[in-house]
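Biologist: I would like a close look at one part of this model, with the cut-offs stated.

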Amino acid sequence: MAQTDEFGEELADFVRRVSELKAARSVPAQELPTVLDAAIFELDHVAEQLWPEFQRLSAAGPSGIGSVDRQEQQLLKALFQRVPVPVVLVDRESVVRRMNFAASSFTGVRAGYATGRPLTGFLAHADRAAFRSQAAAVARGEGDRGLTVHLQQEPSVPVRATLAALRPSGEPRTAVLVALQPVDEGNPSASPGAPGRGAPGRTVPNLSATTRHAALMDLVDAMSTALLGRPDGDRSAVLDRAAGVLHGRFADWVVADAGDGRLSRTTVLGPSGYDEEAAAVAAQDPAACPLVAEAVRGGSTALQVRPEDPDAFGLDASGAPVLVRADVTSLLCVPLPGASGPVRGVLTLFRTGGRVPFSMAEAQAMDLMSRHIALRLGWSD
């Protein structure tokens with residue numbers, strides 16, 4: 001019982017120190033790295049001392065902490081979630097195992113969505129290889145590392161990633177704890193998630209995020225106006241009008257497929273100077289495009305950044321991958337839903353070259369617009 005009391009006192013001390021760290025997030029920007037170091041030290045303390053002691057007492061059964069076992073485990077998980085520093089736990093392949101509330105706010109990615117996916121998928125393409133290499137080195141026991149990366153949704157804001165090795169009790173392999181912090185100390189609102197310095201509960205206006213949101217709302221409004229202006233009974237004009245709204249301002253390429261039963265390609269709009277490529281895309285059979293076929297079969301939107309499979313949108317008549325020939329760097333494949341039964345149309349959007357990749361927010365806006373398009377076509381009646 002004395003050991004249990006001692007463990008409880010240590011845990012209470014830890015909770016008090018976490019409260020102090022929460023209060024310290026209001027210190028001047030130049031002093032935040034010290035707070036970050038202290039938070040990492042406290043997380044190390046949990047992983048290397050409190051957690052093993054907790055498991056030892058749990059294994060002792062009734063003579064240890066007994067029925068308190070599950071409550072203490074839940075408390076430790078809650079402490080991880082409430083640490084006021086963006087923290088992500090990944091494995092040696094950079095796959096996310098846990099993400100706390102501050103990290104979700106900072107990155108703009110929900111923890112449930114991120115878990116099981118590589119953290120590198122949320123970074124700018126140029127930073128991915130370096131991050132994977134450093135994470136693997138930390139997991140091998142070669143010491144803690146730090147590097148500067150850029151989040152995909154906020155590529156202009158440099159982020160300092162601090163990597164530390166953790167060995168969770170009872171697990172054979174070392175995990176990697178990643179703490180994130182914006183490098184631009186003179187601009188606390190530069191945090192990609194909009195809340196200042198990744199701290200949940202305190203929202204700081206983010207001009208770039210507000211601008212992007214306003215642009216999306218303008219796009220939705222333009223789409224609604226175009227669809228309402230379609231003459232009644234003229235279905236053939238619906239996809240052309242929708243594609244015209246999306247082309248240029250939202251996507252470099254817009255490809256529309258529609259039909260009852262078997263889809264056919266109805267609209268292809270590409271960048272200026274890509275007439276030959278556009279003709280090749282227009283000549284494709286939608287059934288030979290894996291992304292289109294999957295959208296029809298599954299009925300869900302696909303978002304890909306730096307598509308790994310060059311054949312994902314099929315081949316042109318010469319056998320060349322369309323994604324390579326069109327220089328596609330990100331894409332959205334959006335089904336047009338029917339009220340019931342199979343999908344009866346698909347919109348595919350490409351961005352090329354150095355244009356900012358599609359984001360989750362844009363995918364959600366596109367999903368909303370697809371429902372408006374399907375409704376105007378009469379497929380959602």
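Which strands does helix 12 (residues 360-377) lie across, and at about what angle does it run to strand 9?

Modeller: This is a predicted model, in which local features need pLDDT of at least 70, side-chain atom pairs count only at pLDDT 80 or more, and totals for chains, interfaces and linings use all residues. Residues are numbered from 1 along each chain as its sequence is written, and side-chain values use heavy atoms, leaving out hydrogens and water.

Helix 12 lies across strand 8, strand 9 and strand 10 (345-352), at about 35° to strand 9. Helices (H or I, at least four residues) and strands (E, at least two) are DSSP runs, numbered from the N terminus; axes are lines fitted to C-alpha atoms, for helices over the stretch in contact (heavy atoms within 4.5 Å), and angles run from 0 to 180 degrees between N-to-C directions.

The sheet is open and has 5 strands in the order 7-6-10-9-8, with antiparallel pairing; a pair needs at least two DSSP bridges. Strand 7 (264-269) and strand 8 (302-305) are the edges, each pairing on one side only. From one strand to the next, the twist averages 10°. Strand 8 meets strand 9 (residues 328-336) over 4 antiparallel bridges, and Val 305 is opposite Ser 330 of strand 9. Helix 9 (residues 275-282) lies across strand 6 (253-258) and strand 7, at about 165° to strand 7.

The chain has a mean pLDDT (the predictor's confidence in each residue, from 0 to 100) of 79, and 79% of its residues reach 70 or more. Residues 63-67 are below 50, with 9 contacts beyond near neighbours in sequence. Residues 185-204 also stay under 50, with 45 contacts beyond four places in sequence. Where pLDDT is low, predicted coordinates should not be read in detail.
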